[in-house]
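This report goes through one protein chain part by part. Please keep the sequence and the 3D view at hand while reading.

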Amino acid sequence: WRGRDGAPYSTLVPSDVTINYRHGLPVVTLLLPTRSERCQFTLKPMVTTVGAFLQDVQREDKGIERAEVFATDGSKVSDATLMEVLLMNDFKLVINNTAYSVSPPVKEKLSSEHATEMEDIKSLVHRLFVALHLEDHQIRKERELLQKVDHLKEELVPLEQMKARITDSADAKTSRLLWVGLALMSTQGGALAWLTWWVYSWDIMEPVTYFITYGSAMAFYAYFVLTKQDYLYPDAKDRQFLHYFYRKSKRQHFNVERYNKLKEDLAEAEESLRRLRQPLHLRLPVQEISDKD
């Protein structure tokens, strides 16, 4: 074992650093180098990290310039390692240029009842932590969702205006087409009546009306073949409206896919905001939520 400058460490006997368990918590006792007095450090192994322990040691003795922990194979132990993990095996504690060999005692295994009790305590602490920080998390999440909703609405404003203009134009064209269809049917009925009673007789016009009816049936069947839908007037009107709408959108460079994506994101954000404000999700009384709203 050698230091960074190549000088060997002066390794002390294991008794210079001792670890004992008191009330279930490990207590590290070591001799402070410059103060020449023993100091005890009570650890919380499931919370305390190696870095926090070394900082406590340096805080007790200002003369300590270097404090590190190494495994028995010489590899450095990360400061983020929990003391609970470190105390599972032997290690070396380096203070300044002195290396202390540390052999943690084998902790007695907990009984099944004690282990279950510890797990219950951990679960209770976790629920307490969530309960104490739930309101802060809710406020932060609500603020993020509100900002997202505002941003999406700002992006949708020009698209909504363009969509409204395109919709009005497509609706007007669809309505004109419906009136043109009614005018053509009226003209056809009037022409057939004129030919039947004033020009020809019913005996001559009957085959004509038959073929007109048959041609109309063929047209409706062709509509079904092309669209895979029955010819219903509301559906036909909507289909024609969409045809005009997409053609107009392409001419005016209106991005329908982007508009739909923004609308979906806005609906999802508003739904998340609604669920976030529900009392059952917050685990708060209904009256408290009502007062906030």
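The sections below begin with the whole chain and then turn to strands, loops, rings, charged pairs and a surface patch.

## The chain as a whole

The model shown here is predicted. Its chain has 8 helices and 6 strands. Read from the N terminus, the elements follow the order β-β-β-α-β-α-β-β-α-α-α-α-α-α. The chain has 293 residues, of which 26% count as buried.

Strand β1 covers residues 17-22 and runs antiparallel to β2, with 6 bridges joining the two. One of the residues involved is R22, whose bridge partner in β2 is L25. The hairpin of β1 and β2 has 2 residues between the strands, and H23 in this hairpin has a positive phi near 55°.

Strand β2, residues 25-32, also pairs with strand β3, residues 37-42. This pairing is antiparallel as well and has 6 bridges. Within it, V27 stands opposite T42 of β3. The hairpin of β2 and β3 has 4 residues between the strands, and here S36 takes a positive phi near 55°. How much of β2 is covered? Of its 8 residues, 6 are buried, so the strand is mostly covered.

## Loops and a helix end

Two loop residues, L87 and S103, can be compared. L87 sits in the loop between α2 (83-86) and β5 (91-95), while S103 sits in the loop between β6 (98-102) and α3. In sequence they are 16 residues apart, and their C-alpha atoms are 8.3 Å apart in space. Are they buried or exposed? L87 has a relative accessible area of 9% and is therefore buried. S103, at 46%, is partly exposed. The C-alpha atom of S103 is also 8.7 Å from that of K92, and these two residues are 11 apart along the chain.

Another loop, between α5 (233-251) and α6 (256-276), contains H253. The phi of H253 is positive, near 60°, although the residue is not glycine. H253 counts as exposed because its relative accessibility is 71%, and the cut-off for exposed is over 50%.

T227 belongs to helix α4. A polar atom of its side chain lies 2.6 Å from the backbone oxygen of Y223. T227 is buried, because its relative accessible area is 14% and the cut-off for buried is under 20%.

## Aromatic rings

A pair of aromatic rings is described by two values, the distance of the centres and the angle of the planes. The structure holds 6 aromatic pairs. One of them joins F245 and F254, with the centres 6.3 Å apart and 85° between the planes, which makes the pair edge-to-face. Both F245 and F254 are buried. These two residues are also part of a cluster in which ring pairs link F241, F245, Y246, F254 and Y259.

## Charged pairs

Side chains of opposite charge can pair when their charged atoms come close. The whole structure has 7 salt bridges. One is between K76 and D79, at 3.9 Å from N to O. K76 is partly exposed at 45% relative accessible area, and D79 is partly exposed at 40%.

Helix α6 holds two further examples. D265 and K261 lie 4 residues apart in α6, about one turn of the helix, and their closest N and O atoms are 2.9 Å apart. E271 is partly exposed at 33%, and so is R274 at 43%.

## A nonpolar patch on the surface

Which residues form a nonpolar patch on the surface? They are W194, W197, W198, V199, Y200 and I204, with about 780 Å² of accessible area together. Helix α3, residues 112-199, supplies the largest share, 4 residues. I204 lies in helix α4, residues 202-227. With a relative accessible area of 47%, I204 is partly exposed.

Key. Residues numbered from 1 in each chain as written. Predicted model: local features only at pLDDT ≥ 70, side-chain atom pairs only at ≥ 80, totals over all residues. Heavy atoms only, no water. Patch = residues over 30% accessible without salt bridge, like charges linked within 9 Å, V, L, I, M, F, W, Y side chains within 5 Å. Areas by Shrake-Rupley, 256 points an atom, 1.4 Å probe, with all protein chains shown as cover. Salt bridge = Lys/Arg side-chain N within 4 Å of Asp/Glu carboxyl O. Buried < 20%, exposed > 50% of the residue type's maximum accessible area, 1.4 Å probe, protein only. Pairing = 2+ DSSP bridges. Polar contact = N/O pair within 3.5 Å; in protein donor to acceptor, adjacent residues only side chain to side chain. Phe/Tyr/Trp six-rings, centres within 6.5 Å; stacked < 30°, edge-to-face > 60°.
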